[in-house]
Amino acid sequence: MRTVRSSTLPCGFQENDLIAEALGEAPSHLNLRIRTHLFSCTACAAMLEQYRAVCAHLRVLANHDDLTSGMHAARRALDHRLPGSSRPRLVLEVWHSPVGDIRLGKTDKGVVLAEFVRPDGDDASVATLHREFAIESGGPETADLIQTLEEYFSGKRQSLEWVVDDTLMRSDFQREVLRATTEVPYGTVVTYLSIAEAIGQPKAVRAVAQALRHNPVPIQIPCHRVIGSDGSLTGYAGNLVDIKKQILAVEGIPVVETAKGLAIPKAQMYVGWRHDRCFCRPDCASLKDQPVRDRAFIPSRSRAEEMGYVPCDVCHPEVHPL
Amino acid sequence: MSAARQHVERLPFAEVITLHQRMIYGYLLRFTRNVHDAQDLFQETFLRAYRAYVVLPADVDLRAWLMRIAVNLSKNYVRDRQRRNRVLVDEEQGQDHAHRRFAENSSNTEQTMISRETAQTLLATIDALSFRQRTALIQRQFEGLEYDAIAANLECSPESARAHVYQALRKLRFALSADQQQSE
C-alpha cells in the first residue's frame, strides 16, 4: 500500500481539518472556516464527502459484527479456566502414607477430600474434581494436614481434628451416616447395623454401607471403625480392605484371617455400652438387653479404661479379664 | 471518587469480567476479524488480568488496564501471525481472506446497506494498517473510546492517538477512491 502523507492540499487547506470535520470533532471556529472554504473549493468538498462516506461505512461495519454469541461462548470457556472466579479453589496434594498414597484436598471451607489413591490408577475422581473446582497444587496449606496424619499413624494422635467441607458428600442421608460415624471413639469398632440404628433407620444397613464406602474424608471420618455384624471387615472404599486392616492396627484393634476373610475376633473383645459408658465381657448376661446402636467392641481393658468406661457390675471384667 | 474506586477494587473478578467483557471482546473481534482468535485472546486477556488483579493498586482504572492487556496481546498476535504466514500469504490471498470472512457473517446484508466490495476493501485496508493505526482506528471508530483512553492503551500522547486515527482514515479513503476509479 502506498503511504498517503501529504496533509496540505493544493488549495492550502489541511486534510486533517477535513477529517476532523467528517468525524464531527472540528471545533466551532474551524467548522465555520471549513464551510466557507467549501463554497469555493470543489476538491475539498468532494474529499469531505469521501471521508463522511468512510465514517458511515465504518459505522455499518461496526453494527454488522455479531458480538454477543461469540463473546458468551468465550466467557463460558474462560469461567472454566479461571481459578476461583466461579468454581471454589481446591488445593490438592498426594501424601505417601504408611498404608498407601492419600490424595488430600482442601478448600477454603475445610478438608473436602482424603481419598486413597487406587493402585489401579483410576483417576476418574480427579477429572470430576477439575469440573467442580479450580485446582491448585499443595504446599503450606496441606502441610498441616500431613503433619496431623503423620501423628495419627505414629499413634501420637487419636483425632485429626480437621474442619470438614462436606461439598463432596452425596446426600443428606450420607451426611447423617458420616456424622454418626464421627462419634465412634478411637480404638473401638461398631457394626453397620448400629450406625443404621443410630440414625433411626435400622433397615437401611446396606445404604449405610454404601454411604461409608463413598466417604470422601476417611480417617477423619472413621469409617474404618465400622464393620459387619459378624465381625468381618467387609470392605473399605470398595476393595481396599487391606488398608482398613492396617488402619485398625494403628488403633490397636486386632484383625484375624477367617474362612470368610478378614474379621475382628469379636469373641475376644470387650463390649462397650456407649450410652452408659461401661464395658462387659462378651459373654455377659446383661448384653441381651443392649440396644445395637449402643454397642461398641473394645480390644482391651486398658483401652476401655482410657476411654473412661467403667467395668460392668454383672460380669465384672476387672475381676475376670479375657 | 476514592470510595467508588475502592468499591470497584473489591469486586469479585467474575463481575469485573462482566462489566468489561463487551468492550474487550468487541476490540479483539474487530482487531482479529476472526471469532476463534478473538475468543482465545479474550480468555488470555482475563486470565492474565486475574493473576495481577489481587495485587492491583486500588486506584487503577480497570477499563483502561484491561484494554491495555488486550492491546498488548493483540500486538503479539499480529507478530505471531506474521511469523506463521511470512512465507504463505501474499497481498491477494490476504484480500481473499478478508472477503471470505465478511461473507461468513453477512447474513443481515439488507440492514447493512454497504456493498460487499466496499466492505472487502475496508477490511483488507484495516488489516494492512500498522498495529498502532489499526488499534487506534478500531478503538475510536468501533468502540468509541476517547483519544485519552486510546493514548493510554498505546502508551503514546493523545495527539499521536488522534494522528494514528486520522492516518488510518486517510488510507481508507484512498483505498475506496482507488476502487471507485478502477470500477469507473
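Two strands count as paired if DSSP finds at least two bridges between them. The model is predicted. Chain A contains 11 helices and 12 strands. Of its 322 residues, 33% count as buried. Among contacts in chain A with a separation of 6 or more, 62% come from residues 24 or more positions apart.

- Strand 9 of chain A covers residues 270-273, and strand 11 of chain A covers residues 295-298.
- These two strands pair in the antiparallel sense, over 4 bridges.
- Tyr270(A) has Ile298(A) as its bridge partner in strand 11 of chain A.
- Strand 9 of chain A is also joined to strand 10 of chain A (residues 278-280) by 3 bridges, and the two run antiparallel.
- Strands 9 and 10 of chain A form a hairpin, with 4 residues between them.
- Within that turn, Arg277(A) has a positive phi of about 55°.
- In a regular strand, side chains alternate between the two faces of the sheet.

**Helices 1 and 3 of chain A**

- Helix 1 of chain A (residues 15-23) packs against helix 3 of chain A (residues 42-64) at an angle of about 45°.
- Their axes lie 9 Å apart.
- The crossing of helix 1 of chain A past helix 3 of chain A is right-handed.
- Helix 1 of chain A contributes Leu18(A), Ile19(A), Glu21(A), Ala22(A) and Leu23(A) to the contact.
- Helix 3 of chain A contributes Cys44(A), Met47(A), Leu48(A), Tyr51(A), Arg52(A) and Cys55(A).
- By class, this helix 1 and helix 3 contact in chain A has 9 nonpolar, no polar and 2 charged residues.

**Contact between chains A and B**

- Chain B puts 37 residues into the contact, and chain A puts in 28 residues.
- Five helices of chain B each supply at least two residues of the side that touches chain A: helix 2 (13-32), helix 3 (35-53), helix 7 (116-128), helix 8 (131-142) and helix 10 (158-183).
- By class, that side of chain B has 23 nonpolar, 9 polar and 5 charged residues.

Definitions and conventions:
Residues numbered from 1 in each chain as written. Chains lettered and ligands numbered in written order. Predicted model: local features only at pLDDT ≥ 70, side-chain atom pairs only at ≥ 80, totals over all residues. Axes fitted to C-alpha atoms, helices over the stretch in contact; angles between N-to-C directions. Left-handed = near helix turned anticlockwise from the far one by under 90°. Contact = placed C-beta atoms within 7 Å. Nonpolar A, V, L, I, M, F, W, Y, C, P; charged D, E, K, R; others polar. Buried ≥ 20, exposed ≤ 12 C-beta atoms within 10 Å, placed from the backbone.
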